Structures are given as C-alpha cells and as structure tokens.
Amino acid sequence: MPNETDNTIQLHTAVELLQCAEALAVARKNARTSEERDETAASIARIEAALPPAIHLLFRSRIRSGQPLVAAAKNGKCRSCHTSMPTGDQFTLITAREPVLCQYCGVLLHLDDEERGRLVQPKSA
C-alpha cells in the first residue's frame with residue numbers, strides 16, 4: 001500500500017508529465033510538417049502511458065480538446081479559473097493524498113514550491 005510520500009511523488013510526477021504534454025500539444029498544433037506532428041504525437045503517447053491510471057481520463061479528454069491540463073492553486077483558488085476551492089479539496093491538495101481536480105474548470109491542481117512551503121510545515125523530529 002503506498003504511503004503519503006509515494007503519493008506525493010506520484011502526483012508531483014504526474015503534474016510534471018502533464019505540463020510536458022501541454023507543451024507538446026502546442027508544439028504539435030504549430031508543427032510545420034507531418035513528421036513534426038508525428039514526433040510530438042508519439043511523445044504525447046509516451047507521456048500518457050507513464051501517467052497514473054487515475055489521470056488517464058482527464059488526460060485524454062483535455063489533451064484532445066486543447067484545454068489546460070494542470071494549474072497551480074494559490075491562496076485557496078485555482079489559478080486557471082480563479083475560483084475558490086472547497087476546504088476539503090484544499091486539505092487534500094496540501095496532504096497530496098490523491099489528485100484534486102478543480103470542480104469548476106476540471107484541471108489537475110497542484111501546489112507550486114512557494115505555496116507548498118507556505119502551507120506545509122515540516123514535521124518536527
């Protein structure tokens with residue numbers, strides 16, 4: 001059974017993969033040749049294969065539609081749609097126990113390093 005550290009690492013990795021996929025989707029859209037489009041499509045497929053199963057549906061639906069995949073949360077708000085998050089989602093995001101999707105715009109939320117440092121206090125020994 002995965003522990004909290006494993007979950008945090010998996011979520012952090014998923015966020016990084018989704019950010020790469022977003023950049024590749026833009027590159028695919030702006031590709032000038034079919035070879036460039038094929039290369040970026042193959043890279044996106046490799047990223048999808050590496051994602052945790054819980055993220056696959058989000059990835060497939062949003063990458064195809066060109067919608068954002070991830071957004072940081074700051075001060076209890078989604079930075080994609082700027083709406084306030086429910087308290088329970090904020091707690092789940094801080095503890096990184098499971099993925100948190102914005103209830104309004106559907107992006108996978110994460111805390112950037114600055115916000116995590118502000119909210120998450122180190123455990124004393």
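Author: Two strands are said to pair if DSSP finds at least two bridges between them. With that in mind, and remembering that this is a predicted model, we can look at strand β1, which covers residues 70–74. Of its 5 residues, 4 are buried, so β1 is largely enclosed by the rest of the structure.

One of the partners of β1 is strand β2, made up of residues 77–78, which runs antiparallel to β1 and is joined to it by 2 bridges. Within this pairing, A73 stands opposite C78 of β2. The two strands form a hairpin with 2 residues between them, and in this hairpin N75 takes a positive phi near 50°.

Strand β4, residues 108–110, also pairs with β1, here in the parallel sense and over 3 bridges. In this pairing A72 faces H110 of β4. As a general point, the side chains of a regular strand alternate between the two faces of the sheet.

Turning to the cysteines, a search of the whole structure finds 0 disulfides. For C81, the closest cysteine sulfur belongs to C102 and lies 3.6 Å from its own sulfur, which is too far for a bond, because a disulfide requires the two sulfur atoms to be within 2.5 Å. C81 counts as partly exposed, at 25% relative accessibility, and C20 is likewise partly exposed, with a relative accessible area of 44%.

Conventions:
Residues numbered from 1 in each chain as written. Predicted model: local features only at pLDDT ≥ 70, side-chain atom pairs only at ≥ 80, totals over all residues. Heavy atoms only, no water. Buried < 20%, exposed > 50% of the residue type's maximum accessible area, 1.4 Å probe, protein only.
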